[in-house]
Amino acid sequence: MDRLLIVEKIEKRYGRAHVLGAKQEVTALLDVSFSIGRGSTLALVGESGSGKSTLALCIACLERPTSGKIVFNRNEITVLDEKQLREVRPQIQLVFQDPARSLNPRFSALELVSEPLLVQGRLDKREREARARALLGQVGIPQEKALQRAEEFSGGQRQRLAIARALSLEPKLLILDEALSALDCSVQAQIANLLMELQGRLGLTYLFITHDFAMAGHLAHEIAVMEQGRVVEIGAADEVLGTPNQEVTRRLIAAMPRLTAEAHAPRAV
Amino acid sequence: MISLLQVQDLHVAYISGAGKVSPALEGVSFDVLPGETLGVLGESGSGKSTLALALVRLLPGNAEIQKGAIQFEGQDLLRARPRALERVRGARIGLVFQEPSLALHPTIRIGKQVSDVLAAHEAASRAARHQKTLQLLREVFPADASRIADSYPHQLSGGQQQRVLIAQAIACGPSLIIADEPTASLDPTTQQEILELFRMLREKFNLSLILITHNPPLLAGLADRVLVLYAGKVVEIGPTEQVLGSPQHPYTHALMQSVPPGLDEPAKDRKSRLRVIPGEAPNLAVLMNGCRFESRCTDRMEQCAEREPPAVAMSEVHAVSCFKYGE
């Protein structure tokens, strides 16, 4: 399959000035390599602090890896300068965990979704509005709510707005950083379905960052497991879930809350 | 057995500045037995956090308890004087909230923050408090209690901070702990550790526990009974295996369907669309006569929009508010 994103041996170190002046180095990513096929979903699973979000920032061209190579859409982005990066960034969009914090509460749905077009200087005012309305339709926000402010929407609808906004620049890759974690179960299911539908319709590629293995198994074709800045296991979703090779994978799978019978085992009183 | 906590017909509403009344809880009744764990399952807007705050009378100023009774250890908390409430809150009823980083003071050492809880409720010498603080921290950090006592919150992980809140909650030997989404901000391994800690503590101190969450799988294996809240009303209550395993109310049923299939399910069931509940939860500020779930329900009948369904007993311990099971 054609690979939209290829990450090769990237490493990210942060220098941290110590109180006494000595410089401390923190290695956030170490020898990370993987790739994502065009139109497919890779889930990145790991515990807090394993480097998932740093990796997302490097791929979104918001952080530069210390070494290594990232190829996006056949274009090596790790060698580009700031001006060239500005051309690439719109093609990679992010959706975050908490839409209440990532969207300006005072903006209307229409403003939120057309703002990226405005910033990029694309289309004129009328075209922008038409495009924004079409995007709202795509994510299931009724037209009569187009002028409602972000703060007046429910959590699930706000996440729909965040997705519409991310889609406004017609990206090839969406990075979903815990994009479902803050939502209620029934709303999670609605947004998960929306993501699958959009992927089918628009041929989008997803990097789905999560610590929910059940949702990763549901949405992703491939799963990569991270621990302490490294990708320790990667493979087809069913294989990673069915026959995990690494201790951390087994631990994370075991920690998944389950509804099955053994979980109901009566406790000793 | 005599209930430890008995809530009867509790009505809570939020009043806006313009005087508009939005009900948050309507006619909620349940009880908690000594040593029992009750899971409260509800999604955003169901009123589950309002319930937690109402039980200890910590509702914000714009909320009003309109009617009902909350009997706890022989006193009605709704009619108790502020002084009496202070002796209950934090001492007889411990509280654990979702964001431990917000609940802890950033520039006070952990040991002091735990010992302050003791100072607020118990007359004891400083030395005795210090001893007891270390003992409490040892319950939740068996390996390194004294190091934790000397730490500041920012030096601890989210899971460790949550353990500190739990130490504070059990400090004065409460009979009931109310935990509102205590694991929501933690990753799954830490989540399991915290649930395990609750399990251990409730055995050791014979605690009753009200565990409030939006995530049904968290309650499996931990709660004895589950109460399902939808739009301010109890729609189903019963033993955990029955409510989660064979849910009877159409809402509980649909909610359980929307959980992604577990890993024990065959792989072909994945990669398909999840079942969803159509529509959104109702706006409670709009007056409604019938069942709150009516507009989203696949089993709706004529009377559903007209009248409120009464709670129907499925068995001695399992009740469901739905016309499907009778009037």
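**Close-up views of a predicted model**

**View 1. Four strands of chain B form an open sheet.** In this predicted model, the strands line up in the order E2-E1-E4-E5, with antiparallel pairing. Strand E2 (21–32) and strand E5 (75–76) of chain B stand at the edges, and each has a single partner strand, so one side of each has no neighbour in the sheet. In general, strands of a sheet pair through backbone hydrogen bonds, either parallel or antiparallel.

**View 2. Here E4 of chain B meets E5(B).** Strand E4 (residues 63–72) and E5(B) run antiparallel and are joined by 2 bridges. To find one of these spots, look for Phe72(B), whose bridge partner in E5(B) is Gln75(B). Helix H1 (residues 48–55) of chain B packs on the sheet, where it touches strand E1 (5–15), E2 and E4 of chain B. The direction of H1 makes about 65° with that of E2(B).

**View 3. Chain A and chain B touch each other.** Chain A brings 31 residues to the contact, and chain B brings 34 residues. On the chain B side, helix H8 (188–205), helix H9 (216–219) and helix H10 (240–245) each supply at least two residues. H8(B) gives the most, with 4 residues. Sorted by class, this side of chain B has 15 nonpolar, 11 polar and 8 charged residues.

**View 4. Step inside the largest nonpolar core, which has 162 residues.** Those with the most contacts inside this core are Leu161(A), Leu207(A), Ala216(A) and Ile178(B). Leaving aside neighbours within four places in sequence, Leu161(A) is in contact with residues including Pro99(A), Leu103(A), Ile141(A) and Phe153(A). In soluble globular proteins, nonpolar side chains tend to be buried together.

Definitions and conventions:
Residues numbered from 1 in each chain as written. Chains lettered and ligands numbered in written order. Predicted model: local features only at pLDDT ≥ 70, side-chain atom pairs only at ≥ 80, totals over all residues. Core = buried A, V, L, I, M, F, W, Y, C linked by C-beta atoms within 7 Å. Buried ≥ 20, exposed ≤ 12 C-beta atoms within 10 Å, placed from the backbone. Contact = placed C-beta atoms within 7 Å. Nonpolar A, V, L, I, M, F, W, Y, C, P; charged D, E, K, R; others polar. Pairing = 2+ DSSP bridges. Axes fitted to C-alpha atoms, helices over the stretch in contact; angles between N-to-C directions.
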